[in-house]
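These are my notebook entries on one protein model. I wrote down what I looked up, entry by entry.

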Amino acid sequence: KLSKRLMTIAGQVPAGSRMADIGSDHALLPTFLVQSGTSVSAVAGEVNQGPFEAALTQVKDAGLTDRISVRKGDGLAVIQPGEVDTITIAGMGGSLIVSILSADPSKLEGVKTLVLQPNVAEDQVREWLRNEGWFLSDEHILEEDRKIYEVLTAVKRPDAKELTESLYEQNRNLACGMQLTLQQVLDFGPYLLRKAEPVFVSKWEAEAGKLRRILRTVEQSDLEASKEKAEELRKQIDTIGEVL
Ligand code: SAM
């Protein structure tokens with residue numbers, strides 16, 4: 001059985017897809033997607049030898065070597081342009097996800113859906129999607145083993161630019177009358193802001209707690225730069241307070 005995190009990612013993969021899971025480790029996600037009939041075929045990409053071998057074993061044991069191709073290579077180097085319509089990249093930092101997606105734009109030809117689960121720096125992934133003509137179509141947040149994860153789904157559509165503009169514009173206005181900056185919406189996530197589920201609230205309460213601890217340390221210093229830093233931290237803490 002898949003973890004709640006991988007199940008949430010799997011739930012975003014379209015039925016009938018030809019998918020590639022980049023940084024697949026044990027290839028649990030592609031195995032589940034092909035076994036459940038969601039994906040007709042899959043590529044499991046891995047750059048490191050250990051996880052690559054684990055993926056090979058998993059796919060062989062599941063009897064799926066004809067449907068899941070396990071390949072060793074860096075990021076999207078393992079796929080050919082037009083070969084897949086869906087790509088999942090999970091369990092890495094946002095900046096690594098962005099560098100994998102940016103390395104060779106030809107590899108994204110024919111790809112219609114991206115399902116991305118950055119462990120940190122989710123804002124960098126949202127910003128890349130926004131700038132590269134992908135429409136962020138949904139966001140999920142979940143907690144598992146005391147860790148909180150965000151899953152971002154994006155689709156390629158001709159009207160992505162306009163849809164993206166209005167998505168971010170609409171969600172800048174909070175019910176309390178406050179207006180967020182674009183960067184703040186990229187940080188919180190436009191759908192997650194709107195849904196404001198309990199897990200989202202816990203994530204940002206914890207973040208505010210961290211900022212308050214930093215603020216207390218900064219306040220003990222008399223350096224001029226510390227005053228500015230303290231002011232910036234107070235603003236960030238206030239913004240989180242308004243959002244929650
Ligand atoms: N995607 C799986 C998941 O979410 O459970 C595994 C996540 S694991 C923490 C990250 C995996 O990405 C590792 O197995 C690592 O070898 C692989 N990886 C890191 N950088 C990569 C790259 N540039 N190309 C392909 N795989 C990469």
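**Entry 1: strand 4.** I looked up strand 4 and found that 5 of its 7 residues are buried, so this strand is largely enclosed by the rest of the structure. I count a residue as buried if 20 or more other C-beta atoms lie within 10 Å of its own, as exposed if 12 or fewer do, and as partly exposed in between, with C-beta atoms placed from the backbone. Strands (E, at least two residues) and helices (H or I, at least four) are DSSP runs, numbered from the N terminus. The model is predicted: local features need pLDDT of at least 70, side-chain atom pairs count only at pLDDT 80 or more, and totals for chains, interfaces and linings use all residues. Residue numbers start from 1 along each chain as its sequence is written.

**Entry 2: partners of strand 4.** Which strands pair with strand 4? Strand 1 pairs with strand 4 in the parallel sense over 4 bridges, and strand 5 does so, also in the parallel sense, over 6 bridges. For a pair to count, DSSP must find at least two bridges between the two strands.

**Entry 3: the whole sheet.** Strands of a sheet pair through backbone hydrogen bonds, either parallel or antiparallel. Here 7 strands make an open sheet with mixed pairing, in the order 3-2-1-4-5-7-6. Strand 3 (68–72) and strand 6 (134–144) are at the edges with a single partner strand each, so one side of each has no neighbour in the sheet. On average, neighbouring strands of this sheet are turned by 15° against each other, direction ignored. Axes for such angles are lines fitted to C-alpha atoms, for helices over the stretch in contact, and angles run from 0 to 180 degrees between N-to-C directions. I also checked strand 1 (residues 17–22), which runs parallel to strand 2 and is joined to it by 6 bridges. Serine 17 is opposite serine 39 in strand 2.

**Entry 4: helices on the sheet.** Helix 4 (residues 94–102) lies across strand 1, strand 4 and strand 5 (113–118), and it runs at about 150° to strand 4. Helix 5 (residues 122–131) packs on the sheet as well, where it touches strand 5, strand 6 and strand 7 (147–156). The direction of helix 5 makes about 5° with that of strand 7. I call two residues in contact if their C-beta atoms, placed from the backbone, lie within 7 Å.

Which residues of helix 5 are buried? I listed Glu122, Val125, Arg126, Trp128, Leu129 and Arg130. They pack against helix 4, strand 5, strand 6, strand 7, helix 6 (160–170) and helix 7 (182–188). After helix 5 comes glycine 133, with a positive phi near 80°.

**Entry 5: two single residues.** Isoleucine 97 is in helix 4. It counts as buried because it has 27 C-beta neighbours inside 10 Å. Apart from neighbours within four places in sequence, isoleucine 97 is in contact with Ile89, Met92, Leu116, Pro118 and Val125.

Threonine 8 is in helix 1 (residues 4–10). Is threonine 8 buried or exposed? I found 20 other C-beta atoms within 10 Å, so threonine 8 is buried. Its contacts, again leaving aside neighbours within four places in sequence, are His140, Leu142 and Val151. Threonine 8 and tyrosine 149 are 141 residues apart in sequence, yet their C-alpha atoms are 9.9 Å apart in space.

**Entry 6: around the ligand.** The shell around the ligand has 15 residues, of which Gly23, Asp25, Val47, Ala90 and Gly91 come nearest. A residue is near a molecule if its C-beta atom, placed from the backbone, lies within 6 Å of it. Strand 2 (39–46) and strand 4 (86–92) each supply at least two residues of this shell. Strand 4 gives the largest share, 3 residues.

**Entry 7: the protein overall.** I ended with the totals. The protein has 10 helices and 7 strands. Its radius of gyration, taken over C-alpha atoms, is 20 Å, close to the 18 Å of the globule rule for 244 residues, so the protein is as compact as a globular protein of that length. That rule is 2.2 Å times the number of residues to the power 0.38. Buried residues make up 36% of the 244 residues.
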